[in-house]
Structures are given as structure tokens and as C-alpha cells.
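Q: Hi! Could you walk me through this one?
A: Happy to, here it is.

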Amino acid sequence: MIPPPEISYGDLGTAKKSVQLWARTHGYAMRTQRRKFRKNGDISKAYLQCDRGGQYRNSLQDESTRLRHNTGSRKTNCPFSVVVTESDGQWQVMVRDPEHNHDASIHAYAHPVH
Ligand SMILES: [Zn+2]
């Protein structure tokens, strides 16, 4: 699966939309993981990760989730992630980890963004 192009956008919303659209057309999905704020409350960075990624609350839950063979929303702790960083009013997309640890989702087109 191809990571999104590392280009800059005029605002964070557009950057995130573009990354998510790119992901959808390439068989995966991105969601916002966390944000970093400046002292004045403005967002300085936004981290997006593959929707198969993420931390589990405890290892027990991790194990039972992994053992379930439900392919719908199964998490694989995928490391794929990008960061969008603000600099001089431009939001630069940078790929942090370009590797997925799972196949492309065949359901990618079945979940339009509302
Ligand atoms: Zn992934």
C-alpha cells in the first residue's frame, strides 16, 4: 500500500482530508491518533495512523482481539503513520512509518466518510 505524498497544504483540515482520501483509494484508512498544541492553544502537529493500528488498553484484551477471526475491524497494531506539521502557515505531511503489517482492506470503498 502506497503512503500519501509528502506535500504541504494550506490548512490542517485539507491535509487530513487528502491523506484520508489517498488512504481510501489505496485500500486502507487513516484516523487521527493525537495532536500537539502550542502554548497558545493552536495545533502544531497532528498524528494520523492506520485504522488497524493503535494501542490496546491491556494485553488480555489484545490477545482476545487478535484471536478473533473477524476481519471487519480487526486491529493488527499496524505501525503505519504520518504526521502533519505546521510551519509558516503550511501543513506539511510527512510519513513516519510507511509499512503496513496487513493486506489492503477490500471493504475500503464500502465506508464513505460522512
Ligand atoms: Zn495499516
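Q: How much of the contacts between residues at least 6 apart in sequence join residues at least 24 apart?
A: In the protein chain, that share is 54%. Two residues are in contact here if their C-beta atoms, placed from the backbone, lie within 7 Å. Do keep in mind that this is a predicted model, where local features need pLDDT of at least 70, side-chain atom pairs count only at pLDDT 80 or more, and totals for chains, interfaces and linings use all residues. Residues are numbered from 1 along each chain as its sequence is written.

Q: Thanks. What is the pattern along the sequence?
A: The protein chain reads β-α-β-β-α-β-β, with two helices and five strands. Helices (H or I, at least four residues) and strands (E, at least two) are DSSP runs, numbered from the N terminus.

Q: And how many of the 114 residues are buried, as a percentage?
A: Buried residues make up 17% of the chain. A residue is buried if 20 or more other C-beta atoms lie within 10 Å of its own, exposed if 12 or fewer, and partly exposed in between, with C-beta atoms placed from the backbone.

Q: Which residues of α1 are buried?
A: Ala15, Lys16, Val19 and Ala23. They sit on the same side of α1, because they cover an arc of only 95 degrees around the axis (the arc of the directions from the helix axis to the C-beta atoms).

Q: What do they pack against?
A: The buried residues of α1 pack against β1 (8–9), β2 (30–37), β3, β4 and β5. The face turned away from that buried side carries the exposed residues Gly13, Thr14 and Thr25.

Q: How far does α1 reach, first C-alpha to last?
A: It has 14 residues and reaches 20 Å, close to the 20 Å expected at 1.5 Å a residue; the expected span is 1.5 Å times one less than the number of residues. Just after α1, Gly27 takes a positive phi of about 85 degrees.

Q: Now the core. Which residues have the most contacts inside the largest nonpolar one?
A: Ala15, Val19, Met30, Leu48, Val82, Val84 and Val93, in a core of 13 residues. The elements giving two or more residues to this core are α1 (12–25), β3, β4 and β5. A nonpolar core means a set of buried Ala, Val, Leu, Ile, Met, Phe, Trp, Tyr and Cys residues joined through C-beta atoms within 7 Å.

Q: What is Met30 in contact with?
A: Leaving aside neighbours within four places in sequence, Met30 contacts Val19, Gln20, Ala23, Leu48, Gln49, Cys50 and Asp51.

Q: On to the strands: which way do β3 and β4 run?
A: Strands β3 (residues 43–50) and β4 (residues 81–87) run antiparallel, joined by five bridges. Strands count as paired if DSSP finds at least two bridges between them. β4 also pairs with β5 (residues 90–97) in the antiparallel sense, over seven bridges.

Q: Where does Thr85 come in?
A: Thr85 in β4 stands opposite Lys45, and its bridge partner in β5 is Gln92.

Q: What about Asp88, buried or exposed?
A: Asp88 counts as exposed because it has 6 C-beta neighbours inside 10 Å. It lies in the loop between β4 and β5, and its phi is positive, near 50 degrees.

Q: And where is Asn77?
A: Asn77 is in the loop between α2 (59–67) and β4. Its phi is also positive, near 55 degrees, and Asn77 counts as partly exposed, with 15 C-beta neighbours inside 10 Å.
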